[in-house]
Amino acid sequence: MSPFTGSVTRTPDWQHLRCVIADGVATVTLTRPEKLNALTFGAYADLRDLLAELSREKSVRALVLAGEGRGFCSGGDVDEIIGATLAMDTSQLLDFNRMTGQVVRAVRECPFPVIAAVHGVAAGAGAVLALAADFRVADPTARFSFLFTRVGLSGGDMGAAYLLPRVVGLGHATRLLMLGEPVRAPEAERIGLISQLTDEGSADEAAQTLAHRLSEGPALAYAQTKALLTAELDMPLAAAVELDAATQALLMNGEDYAEFHAAFTEKRPPKWQGR
């Protein structure tokens, strides 16, 4: 995302989520625990806009996405979204569905690693938000459910049919998106849906540990790695290796590359600047 802004100032408060930034790590928490953090129109819009702001500011080097209370996110609110969409016309429905996709694109395109800290339910849109993250750190209570067909919609919602086969393979993705059955933590880890399985109650702490580790590393190298992982999913090998070559040539002109050599020569840890 472009770092250039117009006259709009940073949003001082977010109504539908909590965002705390410390030591280069943003912790974004969904805050409707009484509804298992079910998403509303406002929550989607806040996530979309927050990720865009953080991407422009370049003060964040890693982000943890978490849910308050007993679960990560139960998906779209049945009354506030599903009920409301029944009264919308096609134009309004298209605007809404495009917005949900923009949230997933924002997670994939922001220039810092995103870590989903998952406990309890991650269902529907909540499962896709976790899927879109770069890392999914989960405890044994986690269960993922892609529920879209169970409400009469396509399982390929919010980019799920694009992302899920690339994470778990086409066979598993077909089963999960078609049937909408819950995938509990042991199976999710086995098929690659979970990046790190923690002890019960430790997902948030482990996600913070990983986020701080990433925030202390070479931010520009991480940003370019994330960009290439997304861009090269649909590229032929020849185009991918050419893009790799151009990216490495640019990074080799950067301060972090020279800093690694200096640190190696002086037998000290590198002091990464993200430049």
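Visitor: By class, which residues make up the lining of the largest cavity?

Guide: The lining has eight nonpolar, no polar and no charged residues. Ala, Val, Leu, Ile, Met, Phe, Trp, Tyr, Cys and Pro count as nonpolar, Asp, Glu, Lys and Arg as charged, and the others, Gly among them, as polar. This is a predicted model, where local features need pLDDT of at least 70 and side-chain atom pairs pLDDT 80 or more, while totals for chains, interfaces and linings use all residues. Residues are numbered from 1 along each chain as its sequence is written, and side-chain values use heavy atoms, without hydrogens and water.

Visitor: How many cavities of 30 Å³ or more does a search of the whole structure find?

Guide: Rolling a probe the size of a water molecule over the atoms shows where empty space is left. Here the search finds one cavity of 30 Å³ or more. A cavity is a set of points, on a 1 Å grid over the protein atoms alone, where a 1.4 Å probe fits but cannot get out; a pocket is an open set with protein on both sides within 12 Å along at least five of seven lines; lining residues have an atom within 4 Å of a point. The largest cavity has a volume of about 50 Å³ (the space filled by probe spheres set on the points, which join across faces, edges and corners).

Visitor: Which residues line the largest cavity?

Guide: Val-28, Leu-47, Leu-50, Leu-51, Leu-63, Leu-65, Val-107 and Val-114 do. Helix H1 (41–57) and strand E3 (62–67) each give two or more of them. H1 gives the most, with three residues. Helices (H or I, at least four residues) and strands (E, at least two) are DSSP runs, numbered from the N terminus.

Visitor: What is the volume of the largest pocket?

Guide: About 600 Å³. The pocket is lined by 24 residues, and Ile-81, Ile-82, Phe-148, Val-151 and Leu-153 lie nearest its centre. Helix H2 (78–85) and H3 each supply at least two lining residues. The lining has 14 nonpolar, nine polar and one charged residues.

Visitor: At what angle do the axes of H3 and H4 cross?

Guide: Two packed helices are described by the angle between their axes and the distance between the axes. The axes of H3 (residues 90–109) and H4 (residues 125–132) cross at roughly 20 degrees and come within 9 Å. Axes are lines fitted to C-alpha atoms over the stretch in contact, with angles from 0 to 180 degrees between N-to-C directions. H3 and H4 are therefore roughly parallel (under 35 degrees; over 145 is roughly antiparallel, 65 to 115 roughly perpendicular, the rest oblique).

Visitor: Which residues of H3 and H4 meet?

Guide: Val-103, Val-104, Val-107 and Arg-108 in H3 meet Val-128, Leu-129 and Ala-132 in H4 (heavy atoms within 4.5 Å). That contact has six nonpolar, no polar and one charged residues.

Visitor: How far apart are the axes of H9 and H10?

Guide: The axes of H9 (residues 219–231) and H10 (residues 237–252) are 11 Å apart, at an angle of about 170 degrees. That makes H9 roughly antiparallel to H10. Leu-220, Gln-224, Leu-228 and Ala-231 in H9 meet Leu-243, Asp-244, Thr-247 and Leu-251 in H10. Five are nonpolar, two polar and one charged.

Visitor: At what angle do H5 and H6 pack?

Guide: H5 (residues 160–168) and H6 (residues 170–179) pack at about 135 degrees, with axes 7 Å apart. H5 and H6 are therefore oblique to each other. The contact includes Leu-164 and Pro-165 of H5 and His-172 and Leu-176 of H6. By class, the residues of this contact are nine nonpolar, one polar and no charged.
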